[in-house]
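Dear colleague,

I am passing on the structure that follows, and below it I have written down what was found there. Please read the notes with the structure open beside you.

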Amino acid sequence: MGAAVLSAGGGSFPYLEYLGTRELFEKRAPVTLVAPESLPDDARVALVAMVGAPLPLFERFADPAHFTRPVHVLERHLGTRFDAVMGYEIGSMNSLIPVMVAASTELPLVDADTLGRSFPEVQTSAFAIAGLDMAPIAVCDVRANDLIIARAASGRWVEQLLRPLASACGSVIAICGAHSGLEIKQHAYHGTYSRALRIGSAILKAQVEHRDPIASLLRAERGSALASGKIIDTERHVTEGFVRGRVRILCAGAQEAIVSFQNEYLLAETGARRLAMVPDLIALFDSERGDPLGTEALRYGQHVTVVRLPPMAQHLTAKALAVVGPRAFGFDFDYQSSGDEVHP
Amino acid sequence: MKRIGIDVGGTNTDAAFVDGDRVMASVKTPTTADVTSGVKKALARLLGESSAARAAQAVIVGTTHFVNAVIERKQLERVAVIRLCLPASASVQPLIDWPAELRDAVRGQVALLPGGHEIDGREIAPLDESAIYATARRIADAGISSVAISSVFSPLRADHEERTASIVRSVLPQARLTLSKDLGRIGLLERENVTILNSALSSLAQRTTAAFRSAIADSGLGAQLYLTQNDGTVMSAEMAEQFPVLCFASGPTNSMRGAAFLSGIDEAAVVDVGGTTTDIGILKNGFPRETNTVIEIGGVRTLFRMPDVISIALGGGTRIRTAPLRLGPDSLGFTLVEHGRVFGGNDLCTTDVAVARGLVALGDPKRVAGLDDQLVLGVLDEARRRLEDGIDRMKTQAGDIRLIAVGGGSFLVPKMVKGVSEVVFVPHHEVANAIGAAIAQISGEVDQVFSDLSREEAIAQATALAQARAEKAGAVPDSLSVVDVEELPLTYMPGNCRRVRVRVAGKLA
């Protein structure tokens, strides 16, 4: 649930992956979550993720064995064993894949990721921003196809190589990269699993106790509710492999709020006033149940609440804003914060 | 066309005779434990009121029989499940998230075999025919005769399910097979769930439709039998026999369709005030607006087409307690005519208050003549507040909308309601659900991914497919119109992919 919030619209509650993980936990020992600070500098950490489109996973369920394979492929390539598992992205289903892999390999899971939320492309990762070498990366199809990207010119090139591979393999591939304990300590976003768990339990606990889940989340994460009302229009179009669009929300007093998205929510505004913008974490919730809504789940007539959670401090540096700020997504203005808070 | 509509609800079995656009007769009878004899009784009374009903060409039944079987875990049979998916999709097994007692009642055998397709139509793996033969023989040895077959992305390509079905049939000629491609949207787990539920109901469906047929024949009618489905349209008894799961939500759907017909209004909110609860829904193009979220039936996730309806605890039998004043949530239910104050009993309920206020003439008004005015107004105010709340939750526009009030307890709906421009009361409102069944249309639906087509071309192709499906189900081609279009571009997909859902509906031939 927390991961769905951190996906900022990139996905809803990952029910199927949750089922798969629950099933795995019945057969395996529980996963140990370790703080990145506790990693030795020379620890070998396997970074894993699903690359592709979310839709095929509604038919071809994320399989722990499939997502564990590139870890072993990379181990063979490097001639070494991994000490721990970590995820590239804490958002939605990609938060559960490292859990599945950690359970399958019986390795500890590092409480960190490289995006701090969801962003659409590889170059927005903390490692790419820091200029770290992303290669080698092992790629596995669900069949007996394994590949290694031995060298990549840049983070952007990793993105450009992985997309066509995903298409060729049914739009779902499992990937694994290798990074050291030192790199993770210096560049990854720490504590993101703990944060997702905190957010999830704030919402779920409030739902069970019939309290307001959104208010409970805002208190826990120092967020603010920007607008609340009914969706009167949802516009979506695909360009360059992304779902871009905007949703119009009719609020009390006939005021209209507009949220624009490119896979993830980017900008919330009313009239000429910008309420929140990327890298603020913008999320939409079902006003009544308090469930986070991905852009795919939005529909005409839904009662929704638009929420802003503070951005991560690391996303506000000039170097980071160049890839995760409004201009990186085609807007013609610079980032301006609508609150003083930053995370953590 | 002359039609008889029958709604078999939990409390009442209602019947109505409709000729063209006119309601000629209607009756309300208690539902019997044995559904069939209740239908016979309703038909006998209806024919007593209007002998012209004998000339009806169609009897259209809306029933909660199948959904109740799932909810009560009764009369279900064991199912063998074959999923064509390997090497993918093995991590989430069939029936994995079903309530344990339902799974125990339904799970016969489960086999995961190679097969299924990618989103672009390529095979995940070729079928392993010898494995399918072996599985079919194991099913036969276990004495199971109901088989559910699912395959990855079968709404896009059905050939693996079809080939598997023909192999199973060659080993088990008598088996009843359900293929997920016939029930489905994208979402393997939910589509498979519905396929398995359908298999579990397949012999009950045969018995029930046979019983409806004999009730019609025994009543001396020569009419064709139809059943209503979740979206307010009908299907032939033969279709219902094959796909009983499609009948799950006919109750609220029929009452909303009946409300649209009786009022002549296509865009409005509808309240159906029953004995225990009030259903509130929204009519769009004369059809109930549907939910977009996952619907659970008896604890099982499905992707059903279901009307978006909320139920609030307010009905004609809602019990009233005083000091402090409290409405419900319990109801006198079918004991209303015994325990209600105006009927000679000692319990106080909303109907008593309505009689005291002169909103409806029922029972003996003298028995409530002494009720405190404050109490009466307090109860009606609370009823109004609950209705206004519910309507506001369902509304999709800021402005006022029209409201159609139907159901036996609709006298509780005030003439002025906040957020409502006009409250419309209609004759025959107490049997709106049976009338909704009588006037139900035939529909066809397509939900598929299209690639390398423009948005307009994809929607046009989907519409043509939906029309062909509706015609095959028995609709008059000229009467078909589009009732819903939904289009979703697919992220990261090559070739301009979009998922398009189109639904058309038209008159019964």
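**What was found**

In chain B, B:Pro87 sits in the loop that lies between strand 5 and helix 3 (100-106). The peptide bond that joins B:Leu86 to this proline is cis, with an omega of about 10 degrees. Please keep in mind throughout that this is a predicted model.

Chain A has a cis peptide bond as well, from A:Val278 to A:Pro279, with omega near 10 degrees, and A:Pro279 is found in the loop between strand 14 and strand 15 (281-286) of chain A.

**The sheet in chain B**

Four strands of chain B make up an open sheet in the order 6-5-7-8, and their pairing is parallel. Strand 6 (107-114) and strand 8 (176-179) of chain B are at the edges and have a single partner strand each, so one side of each is left without a neighbour in the sheet. On average, and with direction ignored, neighbouring strands of this sheet are turned by 20 degrees against each other.

Between strand 7 (residues 146-151) and strand 8 of chain B, the parallel pairing extends over four bridges, and B:Ala148 stands opposite B:Thr178 in strand 8 of chain B. Two helices of chain B lie across strands of this chain: helix 4 (residues 129-141) lies across strand 5 (79-86), strand 6 and strand 7, running at about 175 degrees to strand 6, while helix 5 (residues 159-171) lies across strand 5, strand 7 and strand 8, running at about 155 degrees to strand 7.

**Hairpins in chain A**

Strand 12 (residues 256-262) and strand 13 of chain A run antiparallel and are joined by six bridges; A:Ala257 has A:Thr270 in strand 13 as its bridge partner. These two strands form a hairpin with one residue between them, and A:Asn263 in the turn has a positive phi of about 60 degrees. Strand 13 of chain A is also joined to strand 14 (residues 273-277) of chain A, by four bridges and again antiparallel, with A:Met277 in strand 14 as the bridge partner of A:Leu267. Here the hairpin has two residues between its strands, and A:Gly271 in the turn has a positive phi of about 55 degrees. Strand 13 (residues 264-270) of chain A is mostly covered, since five of its seven residues are buried.

Helix 8 (residues 192-208) of chain A has 17 residues and reaches 24 Å from its first C-alpha to its last, which is close to the 24 Å expected at 1.5 Å a residue. Its buried residues are A:Thr192, A:Tyr193, A:Arg195, A:Ala196, A:Ile199, A:Ala202 and A:Ile203, and what covers them includes helix 4 (93-105) and helix 9 (213-221) of chain A.

A:Ser92, in the loop between strand 3 (84-87) and helix 4 of chain A, has a positive phi near 45 degrees although it is not a glycine. A:Ser92 counts as buried because it has 25 C-beta neighbours inside 10 Å, where 20 or more are needed.

**Where the chains meet**

In this model, 36 residues of chain A are in contact with 26 residues of chain B. The elements that give two or more residues to the side of chain A that touches chain B are helix 2 (15-27), helix 6 (155-168), strand 10 (224-239) and strand 11 (242-251) of chain A. By class, that side has 18 nonpolar, nine polar and nine charged residues.

With best wishes

Key:
Residues are numbered from 1 along each chain as its sequence is written. Chains are lettered from A and ligands numbered from 1 in the order in which they are written. This is a predicted model: local features need pLDDT of at least 70, side-chain atom pairs count only at pLDDT 80 or more; totals for chains, interfaces and linings use all residues. The expected span of a helix is 1.5 Å times one less than its number of residues. A residue is buried if 20 or more other C-beta atoms lie within 10 Å of its own, exposed if 12 or fewer, and partly exposed in between; C-beta atoms are placed from the backbone. Two residues are in contact if their C-beta atoms, placed from the backbone, lie within 7 Å. Ala, Val, Leu, Ile, Met, Phe, Trp, Tyr, Cys and Pro count as nonpolar, Asp, Glu, Lys and Arg as charged, and the others, Gly among them, as polar. Two strands pair if DSSP finds at least two bridges between them. Axes are lines fitted to C-alpha atoms, for helices over the stretch in contact, and angles run from 0 to 180 degrees between N-to-C directions.
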